[in-house]
Amino acid sequence: MNKIQGIHHITCMTANPQQNLDFYTQVLGQRFVKRTVNFDDPSTYHFYYGDNVGSPGTIMTFFPWAHIAKGRRGNGETLAIAYAIHPNSVNWWQKWLIKHNIEHSLETRFNQQVVLFADPEEMVIELVANVDQPVPAHWENGPIPAEHALQAFHGVTLGVDDAMPTAALLVGSFGYELVGQEGNRVRYQGAGGFGQFIDLLVRPGHPRGRLGAGSVHHVAFRTVDDSEQLEYLNALHAAGYPATNVKDRQYFHSIYFREPNGTLFEVATDAPGFLYDEPVESLGSELKLPPWLEQHREKIESMVPTIHLDSYA
Ligand code: ZN
């Protein structure tokens, strides 16, 4: 069983699908790689953004629930999502955000510059000036030049009451290592892949978050295929984590469990991937449904809101 190879995808919640689509494609320059529905609630969309081919470690997904209230950040959830950028791109991104009327600030953490801002629903996004790492697969038709494009996830920050039980999971079951501490921020690094960093922001007694628009629903970690995922499922059960059975998410297979401080984690397979049901040229261009929902296509299409793709095509 390989150690976990970083983050596979991050799933969030939005109340405004069109605004969300425009922000992630036009401002952050992520490609709309899959337009499908929430398999547990097929009357709502499930949007996937990523690099040009939907590489694991670049995938940000959203459930658009039109009438949900705004979330409130707190312990027991993900507080911020970080992408890596090239160290020479900090100034470019500052100007780009100003051009789009997005307020930002600049910090230094663990000797790396971090550009902080929020998406339209106040979800915190961080751009970490990382070591020079390649852009997984640049979206040539997107708005960001290749040299400044987001370089996949850097990691996430979780709000916790107590670092120890989450650290025991990361180190003991996922193969992460403690690599640094600054104040109440403790950093763990995974064994490889994109999105290797998990920061725990330790805030004993801080109120718990309330999920809503602008909240992270869960963080998914990478496993190669079904057999390795099964080994993880058995190992998690043996260690006392109540992971679910395997769910078929069409583009990957998933198991879920809550880490001890309350954030929902998933372990997802790289296979079969986002090219499973449409070619790379037309990713995201039409509503894709899994075979078991195809018979309800007409009804589903009448229930999901109309969105406009022409603004970025
Ligand atoms: Zn997921």
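Q: How are the donor residues of the zinc ion spaced in sequence?
A: In this predicted model, the spacing of the donor residues is H-x208-H-x47-E. The protein donors behind this pattern are H9 (NE2), H218 (NE2) and E266 (OE), and they lie 2.0 Å from the zinc ion.

Q: Which parts of the chain do H9 and H218 link?
A: These two residues join distant parts of the chain, 209 residues apart. H9 belongs to strand β1 (residues 7–14), whereas H218 belongs to strand β13 (residues 216–223).

Q: Is H9 buried or exposed?
A: A residue counts as buried when its relative accessible area is under 20%. H9 has a value of 1%, so it is buried. H218, with a relative accessible area of 5%, is therefore buried.

Q: What is the order of the strands in the open sheet of eight strands?
A: The order is β6-β7-β8-β5-β9-β12-β11-β10, and the pairing is mixed. The edge strands, β6 (105–109) and β10 (177–182), each pair on one side only. On average, neighbouring strands of this sheet are turned by 25° against each other, direction ignored.

Q: In what sense do β6 and β7 pair?
A: β6 and strand β7 (residues 112–118) are antiparallel, and five bridges connect them. T108 stands opposite Q113 in β7.

Q: Which helix packs on the sheet?
A: Helix α3 (residues 163–172) does, touching β9 (153–160), β11 (185–189) and β12 (197–202). The direction of α3 makes about 170° with that of β12.

Key:
Residues numbered from 1 in each chain as written. Predicted model: local features only at pLDDT ≥ 70, side-chain atom pairs only at ≥ 80, totals over all residues. Heavy atoms only, no water. Pairing = 2+ DSSP bridges. Helix = DSSP H or I, 4+ residues; strand = E, 2+ residues; numbered from the N terminus. Axes fitted to C-alpha atoms, helices over the stretch in contact; angles between N-to-C directions. Contact = heavy atoms within 4.5 Å. Donors = N, O, S within 2.8 Å, 3.2 Å for Na, K, Ca; no water. Buried < 20%, exposed > 50% of the residue type's maximum accessible area, 1.4 Å probe, protein only.
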